Amino acid sequence: MPIRPETEMEGPAGSGTSLPAKRGSSDELNVYDDARTYYTAEDRHRLHRAGPRTRTYSQNSLVRQLDRLGLHEPYRRGSHDESTIPHNRRFLIQVEPTLHSLQMQEDTDRNMQITIEDAGPKVLSLRTAASNGHNRFDIRGTYMLSNLLQELSLAKEYGRKQIILDEARLNENPVNRLSRMIRDHFWEGLTRRIDASSIEIAARDPKDWTDDPRPRIYVPRGAPEQHEYYKKLAEEKPEIRLDVQLLPEKITPDVVRDMNAKPGLLAVDMEEVTDPKTGKKTLRGRPFVVPGGRFNELYGWDSYMESLGLLVHDKVDLAKSMVLNFCFCIKHYGKILNATRSYYLLRSQPPFLTDMALRVYDKIKHEPGAVEFLRTAILAAIKEYHSVWVAEPRLDPVTGLSRYRPEGLGVPPETEAGHFVHILEPYVKKHGVSFDEFVDAYNNGRIKEPELDDYFMHDRAVRESGHDTTYRFEGVCADLATIDLNALLFKYETDIARTIRNVFGDKLVVPAEYCVGPNMPAANHVETSAIWDRRAKRRKLAIDKYLWNEAEGMYFDYDTAKRERCTYESATTFWALWAGCASPKQAAAMVTKALPKLEAFGGLLSGTKESRGEIGLERPNRQWDYPYGWAPQQMLAWTGLYRYSFTEEAERLAYKWLFMITKAFVDFNGVVVEKYDVTRPIDPHRVDAEYGNQGLDFKGVAKEGFGWVNASYVYGLQIVNAHMRRALGTLTPYETFVKALEENQTKALAELV
């Protein structure tokens, strides 16, 4: 992570300046250190005298003396004895009493947060450290008070009874504060590794629906060292009841269905290390970042989106580790999984491996082993491409385009209890059995219901698409050649061609273990860039023929069953720009025609209101429809627009998204959530759709945010210009920002005349 030099500190909020740090005593410590460093540094929280004084009151004795005399405490809003400029002011705080007073006064809805919805006076007086607690200064407004609540919560967590708190941590520029929280806290809070240190919790599934929930891990046959490691761990710690299972050689729908009686975690990559305690060789899990705090398994496209933020923060090793975990999944499970739980074994996710690997390689190409790292990733992508995306059942042989269409049998077991009750009840009545009896008979093929088979085929496809759920896909997803998937595969084809040509001298030998799929040549054959270039050209022709609508200036999905183009207007049309499969003319048409339909107050909508249709009690809202916006849609659109030189549009969309997140962060106690209602200026994190909104359930201080939103924030700050970043720090809405720019330009022109 970047280290802020000790000789600099941020200026006042929104100033965009740096000020020299005052040397001596605790000033040598960085005001903006991470919480662990800040609250465990003893010297920082020792009271240093500002100079000679004729008399000194301790905080407690002063209060007691005034109480005895029946007098009011001396009070001044500003302390004349503060020897430093305002942003260096410090407060002497007794942690628990102040936290209690703050909550009782300001947290009027008692949710351990201070937001714009709380009805407190929004002002609290704190004792200044430079006056040895004699004088006070007012902390005002939701943002500073919520930051105070967060800082006191962290101080209490680190066991501090009394602290000296820098005012700069309370009025910190919100863009800087959120970026710092993501860098220093959120990534750490979302990082997991699967090994002895975590297996008891990670291998226990919160969704376990069986009568005997217990930690369970499935190890592939190709990783015997892991099987031995976990078996030994289970023997050494019988109290955790770890169930270690060896996966069958061949994974089929029947096998996965039968495993549902014993759901478990799937092993991911491990590295050999030396145990510092014993000096012996052992295994350690490669770390990865999960989407939200309640998850412990590796997720598919979430990991790619998170890697964009990790790389901005120079956490290259973590992003590299996630690529290696993906390569392990492809090697042993045949695909990058939706997530690494046993019931996801047949289900993939939107494929981003080549771009992810190339971004990591670009950061490490000067290091030993970098080329071999890239070779492993590209070979894994080639295997995944042939065995998953251009093979049955996902390939549509007529168009040559691909679909989300995972295999599977029966009812997806990982959903919430009652999720499919309304779908299954008519069939339960039809067969005259109990609900559980019907599900068991249907899952095991004793009852045949072709219509139900179709329903669950499409339901599994929606989950594989990552867009679960949306009316765009309901009841049709497995038949759709989507613009998102085919744009991603075009990117695979062009990335692989370019890498073979530029890194491997246009010759890449493919070993036997990667030669999987109906169209793969013999083991150890040589791949050149030419065939991948041809594949990309063929796919572009098919995308233009079946998915592009010239009149609408937008890409649409294609229904391979009905042989017709769909009409749902989706933000995934911009994935074509990210992948580079649009012509300049098509890109210009999208900016002119599609963008106005999909742009809202807070950035890009997932889809248009017209496409979603009317909603009501019988037709509830879906989370990937209007009016919601998601981080992946934003990031891919910004990158795509930049790729085609639509810089102004990319900056505008990024600003709107970042402003919405920053405003919610300031108004609602540091909240960062999974998705946002991009039509709402006030409380966009309030989402009225299924699955709730991850990232809301914290007390006091947010510890994780949400993975791809964290990434979108730091990635978006690379998109906007310096003027925009400063305006974000002052919470300037986009329209106000543009108006101010125009006025400045008019004034500048007038001065030239």
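Does R169 count as buried or exposed, and at what relative accessibility? R169 counts as buried, because its relative accessibility is 1%. Keep in mind throughout that this is a predicted model.

1. You'll find it in the loop that runs between β6 (162-166) and α5 (174-190). Setting aside neighbours within four places in sequence, its contacts include V31, Y32, D33, D34 and A35. Also among them are Y38, Y39, N147, E151, R177 and R180.

2. Now the whole protein chain. It has 25 helices and 24 strands. Its C-alpha atoms fill a box of roughly 90 × 80 × 60 Å along the principal axes.

3. How much of the chain is buried? Of the 753 residues, 58% count as buried. As for contacts with a separation of 6 or more, 70% of them come from residues 24 or more positions apart.

4. One annotation to know about: an unreviewed UniProt entry labels residues 99-128 as "domain: Neutral trehalase Ca2+ binding". In the model, that span is 27% helix and 17% strand, and its end C-alpha atoms lie 16 Å apart.

5. K122 deserves a look when you go through the backbone. Its phi is positive, about 60 degrees, although K122 is not a glycine. The residue is in the loop between α3 (95-106) and β4 (123-127). K122 counts as buried because its relative accessibility is 16%, under the 20% cut-off.

6. D506 also has a positive phi without being a glycine, here about 65 degrees. Look for D506 in the loop between α16 (483-502) and β15 (508-510). With 28% relative accessibility, D506 counts as partly exposed.

7. Which peptide bonds are cis? One of them runs from D468 to T469, with omega near 10 degrees. T469 is part of the loop between α15 (450-465) and β14 (480-481).

8. Another cis peptide bond goes from Y626 to P627, with omega near 10 degrees. That proline, P627, belongs to the loop between α20 (609-612) and β23 (628-630).

Methods: Residues are numbered from 1 along each chain as its sequence is written. This is a predicted model: local features need pLDDT of at least 70, side-chain atom pairs count only at pLDDT 80 or more; totals for chains, interfaces and linings use all residues. Side-chain values use heavy atoms; hydrogens and water are left out. UniProt positions are given in the numbering used here, feature names are shortened, and annotations may be inferred rather than shown by experiment. Helices (H or I, at least four residues) and strands (E, at least two) are DSSP runs, numbered from the N terminus. Buried means under 20% relative accessible area, exposed over 50%, partly exposed in between (1.4 Å probe, protein chains only). Contact means heavy atoms within 4.5 Å.
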